[in-house]
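Please keep the sequence and the structure in view while reading.

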Amino acid sequence: MSNTIKKIAVLTSGGDAPGMNAAIRSVVRTCAYHGIDCVGIYRGYQGMIEGDFKEMGPRTVNNIINKGGTILKSARSKDFQTSEGRKLAYKHLTEAGISALIVIGGDGSFTGAQVFSKEFNFPVMGIPGTIDNDIFGTSHTLGYDTALNTVIECIDKIRDTASSHNRLFFIEVMGRDAGHIALNAGIGSGAEEILIPEEDLGLDRLLESLQKSKASGKSSSIVVVAEGDKMGKNVFELKDYIEEHLPEYDIRVSVLGHMQRGGAPSCFDRVLASRLGVKAVESILEGKSNFMVGISKDEVTLTPLEQAIKGHYPIDMELLRVSDIMST
Ligand code: ATP
């Protein structure tokens, strides 16, 4: 292990996700385990620019493994996108004796980390924290599993009312660029159709599928729509379109929204966060920089930040076929 790193800072940035606290806890305790000081930076890069730091020891992260959100708060910082902002951030880090940075966030946060690292030759490591699961180099991001469980719990409840009133529900879930939540929660909740950004089903096929479903004797249905679906209509416009063409359907819309980001992290996310935090700290102590820690086939891995930023974890097209078969 390196003896040049004496103090590591950790921050959370971008959209919050369940499991971020468990990752902070892991970073803090791994530092303590190796006799390294740890500093928490509040409000992401904005706090770095403002020097909003707090020393963190193993007892400062008691009772947070089970909490959603992030105790360090998150922010999107415009100032960090300027070279003056980053200079100020570097000044505060060096004044505080910090010699490496762990960023918990999404691809935007990793881009910021990479720019900063290149500019000041500063060691950085990324931990993927976003419910969308859209980052290349890891099969699971922190918060994704919890979000899936939240979504299916909601859809189960909606199904009760849908079947009592013989209604068709369009349920919008998060996922601007990636359909992981929609696809997996859709299959897990028994959706009739799943609309995702990666595949344009087309309005005709949607109509055909709903017609077939009605004819087969189904009296209620759930259609899960990712917010970034490329059908060219938002979920309310879709409702209007189907109502116009299939007047026999009584249709409602439910947008799940920010509730998908909250709640206690699942056991999977807590274990993942603990593993990734350990790997992030130990990789820095081994002299590595500019990597994202992730998981692949249950092994903890390192992916160059550059690749993690550019790529996307692809959806499993076989799941679309499974979904088609399940809606028979
Ligand atoms: P989510 O996936 O939840 O949106 P994210 O990490 O992608 O999370 P962003 O808002 O895209 O969230 O990025 C977070 C922050 O990273 C930005 O507010 C900004 O401070 C920093 N950042 C992003 N891109 C750059 C860049 N090119 N240069 C410097 N900083 C950047």
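The side chain of T146 is in polar contact with the side chain of D269, at 2.6 Å, in what is a predicted model. T146 is found in helix 5 and is buried, having a relative accessible area of 3%. Apart from its neighbours within four places in sequence, T146 is in contact with P18, G262, A264, P265 and S266, as well as with D269.

T141 is found in the loop between strand 5 (124-128) and helix 5 (144-164), and its relative accessibility of 0% places it under the 20% limit, so T141 counts as buried.

Although T150 and S266 are 116 residues apart along the chain, their C-alpha atoms are separated by 9.6 Å.

How is the protein divided into domains? Domain 1 takes in residues 7-143 together with 265-310, while domain 2 covers residues 145-261. The centres of domain 1 and domain 2, taken over C-alpha atoms, are separated by 35 Å, and the contact takes 14 residues from domain 1 and 11 residues from domain 2.

The size of an interface is often given as the accessible area lost when the parts come together. For domain 1 and domain 2 the buried area is about 1000 Å², and carbon and sulfur atoms give 50% of that area. On the side of domain 1, the residues D16, I131 and D132 supply 45% of the area buried against domain 2, more than any other three residues.

Which polar and charged pairs are found across the interface of domain 1 and domain 2? There are 6 residue pairs in polar contact, both partners being at pLDDT 80 or more, and by class the side of domain 1 that touches domain 2 has 5 nonpolar, 4 polar and 5 charged residues. The rule also finds 1 salt bridge across this interface. The side chains of D16 and R261 meet in a salt bridge, with an N to O distance of 3.8 Å, and D16 is also one of the three residues named above for the area that domain 1 buries.

## Helix 6 and its cover

Helix 6 spans residues 180-188, and within helix 6 the residues H180, I181, A182, L183, A185 and G186 are buried. What covers these buried residues? The cover includes helix 5, strand 6 (167-173), strand 7 (193-195), strand 8 (221-226) and helix 11 (317-326). Helix 6 is followed by G190, for which phi is positive, near 75°.

## Salt bridges

Side chains of opposite charge can pair when their charged atoms come close. By the rule used here, the count comes to 15 salt bridges. One of the pairs is E306 with K310, where the closest N and O atoms are 3.4 Å apart. Because E306 and K310 are 4 residues apart in helix 10 (residues 305-310), they are separated by about one helical turn. E306 counts as partly exposed at 39% relative accessibility, whereas K310 counts as exposed at 65%.

Salt bridges that share partners join R43, E50 and D52 into one network. Within this group, the side chains of D52 and R43 meet at 2.9 Å, N to O; D52 is partly exposed, with a relative accessible area of 26%, and R43 is likewise partly exposed, with a relative accessible area of 26%. A further salt bridge is formed by E286 with K288, whose closest N and O atoms are 2.9 Å apart. E286 is partly exposed, with a relative accessible area of 47%, and K288 is partly exposed, with a relative accessible area of 30%.

Technical notes
Residues numbered from 1 in each chain as written. Predicted model: local features only at pLDDT ≥ 70, side-chain atom pairs only at ≥ 80, totals over all residues. Heavy atoms only, no water. Domains from an automatic or database assignment. Contact = heavy atoms within 4.5 Å. Buried area = accessible area lost by both parts, 1.4 Å probe. Salt bridge = Lys/Arg side-chain N within 4 Å of Asp/Glu carboxyl O. Polar contact = N/O pair within 3.5 Å; in protein donor to acceptor, adjacent residues only side chain to side chain. Nonpolar A, V, L, I, M, F, W, Y, C, P; charged D, E, K, R; others polar. Helix = DSSP H or I, 4+ residues; strand = E, 2+ residues; numbered from the N terminus. Buried < 20%, exposed > 50% of the residue type's maximum accessible area, 1.4 Å probe, protein only.
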